[in-house]
Amino acid sequence: MRRRARLMTATAAAALLIGCVSGPAASKPGPDRAGERVLVFSKTAGFRHDSIPTGIATVKELGAANGFAVDATEDAASFTAANLAKYGAVIWMSTTGDVLNTEQQGVFERYIRDGGAYVGVHAAADTEYDWPFYGGLAGAYFQSHPAIQPAKVHAEDHAHPATSHLGTGAWDRTDEWYNYRANPRDKARVLATLDETSYTGGTMAGDHPIAWCQSDYQGGRSFYTGGGHTKESYAEPAFRKHLLGGIRWAVGAVQADCRPEKGYTPLFDGTADSLTGWKQAGPGSLALDEDDGTLTTVGGMGMLWYDRRELGSYSLKLDWRMRGDDNSGIFVGFPRSDDPWSAVNNGYEIQIDATDVPAKTTGSVYGFRSADLKRRDKALNPPGEWNTYEIRVEGERLRVYLNGVKINDFTNTDPARSLRQGHIGIQNHGDADEVSFRNIRVKDLPARR
């Protein structure tokens, strides 16, 4: 397996060293420094976008500011095993038509299967229609587009670095909006969608993904954004952050859950209205920022818990971010009570804490079972970055996934506790702790005996 280097800005690296002593160290690059360098490929065999030079220049600027080198080519002969091994990702910058021969296609397939990464920008979806591997990697092929016009984009994933900066409101921008031949939702994690009521010419029946990712496409990573047709796109701060986030995730600088996601019901969607089903137990509170869609811990020790119903067999997902060396957690399987200590004594806590002992640190079932620390450290983003938990409860079995990676598998055997039925809550631990939460959602699963 190729070794991905983790690209970090100086700020993120410093935060990791200061606030997360037992957190993930940056993985060392291989002998070829793969991951510290990306390749921008912009060959066209059909329509050629005049924004390509601007896009290449932008990636180079982003690289210079964020610690990675950038090479650019339109020469398909660059697709050799020895050459691609230099790169943490290959960025297909508005390529069109058939740009690789059969041998070059085989080289790129092996690169992806050996842990390489693909970033597709705009017309990368208008490329290699007769190459099924590429179609699956890109996620969807181009079908048509209306005239360039303004539209509203909505982030679905608020933890992925390509969309975490967008908040809860619409992202208003102008571009050439592609329709796709198929919806990628069943095989990719949709990061952002187009509001087809905000412009004319959308043909995807109201479910119109415009950016998505795949965490494991035959061994490699894939990120695609439909933006980037216009030169002006690359001057937009929000689009530059979007593109940078996709590149950083692709090369492994930051982690995210890019498994497909369907069928979840929001319990907290970033709005005050969605908090009507929640109650505060004990002192302190969680402060709401509706623009950013976050709840941030204030004081403690208390807990905000969901009182509308108990959960039985379910998948609970939520995004969280630590400021530094902070403490919080998610409680599951506890009975209705306005006393936060009832959750401690009768339920289980999935811990968020950078520096505690193994059985009480991030990913642990607090006091009962440590996370798999090697897997946890590899999956964990440092303070300042968003992380995603999936807490999956089936019968008395509780599994914890961090950014899509299973890091804990615990089975309750305590007759005084049960995971089969109970409430869920998020902890505000104390005055010195600051942890934020976003996008809390749940999916009921078939009951297990």
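Visitor: What is the volume of the largest cavity?

Guide: About 60 Å³. The model is a predicted one.

Visitor: Why is this called a cavity and not a pocket?

Guide: A 1.4 Å probe fits in a cavity but cannot get out, whereas a pocket is an open set. The structure holds 3 cavities of 30 Å³ or more.

Visitor: What makes a residue part of the lining?

Guide: An atom within 4 Å of a cavity point. Val153, Trp171, Arg173, Trp177, Ala192, Ile210, Ala211, Thr225, Gly227, Phe239 and His242 line the largest cavity, so each has an atom within that distance. Two or more lining residues come from each of β7 (171-175), β10 (208-217) and α6 (237-251).

Visitor: How do you know which classes the lining of the largest cavity has?

Guide: Sort by residue type. The lining has 7 nonpolar, 3 polar and 1 charged residues. Arg counts as charged, and Arg173 is in this lining.

Visitor: How much space lies in the second largest cavity?

Guide: About 40 Å³. Its lining consists of Met301, Gly302, Met303, Phe331, Pro340, Trp341, Val344 and Gln427. β16 (302-306) and α7 (340-346) each give two or more of these residues.

Visitor: Which element gives the largest share of that lining?

Guide: α7, with 3 residues.

How values were computed
Residues are numbered from 1 along each chain as its sequence is written. This is a predicted model: local features need pLDDT of at least 70, side-chain atom pairs count only at pLDDT 80 or more; totals for chains, interfaces and linings use all residues. Side-chain values use heavy atoms; hydrogens and water are left out. On a 1 Å grid over the protein atoms alone, a cavity is a set of points where a 1.4 Å probe fits but cannot get out, and a pocket is an open set with protein on both sides within 12 Å along at least five of seven lines; lining residues have an atom within 4 Å of a point. Grid points are joined across faces, edges and corners, and a volume is the space filled by probe spheres set on the points. Helices (H or I, at least four residues) and strands (E, at least two) are DSSP runs, numbered from the N terminus.
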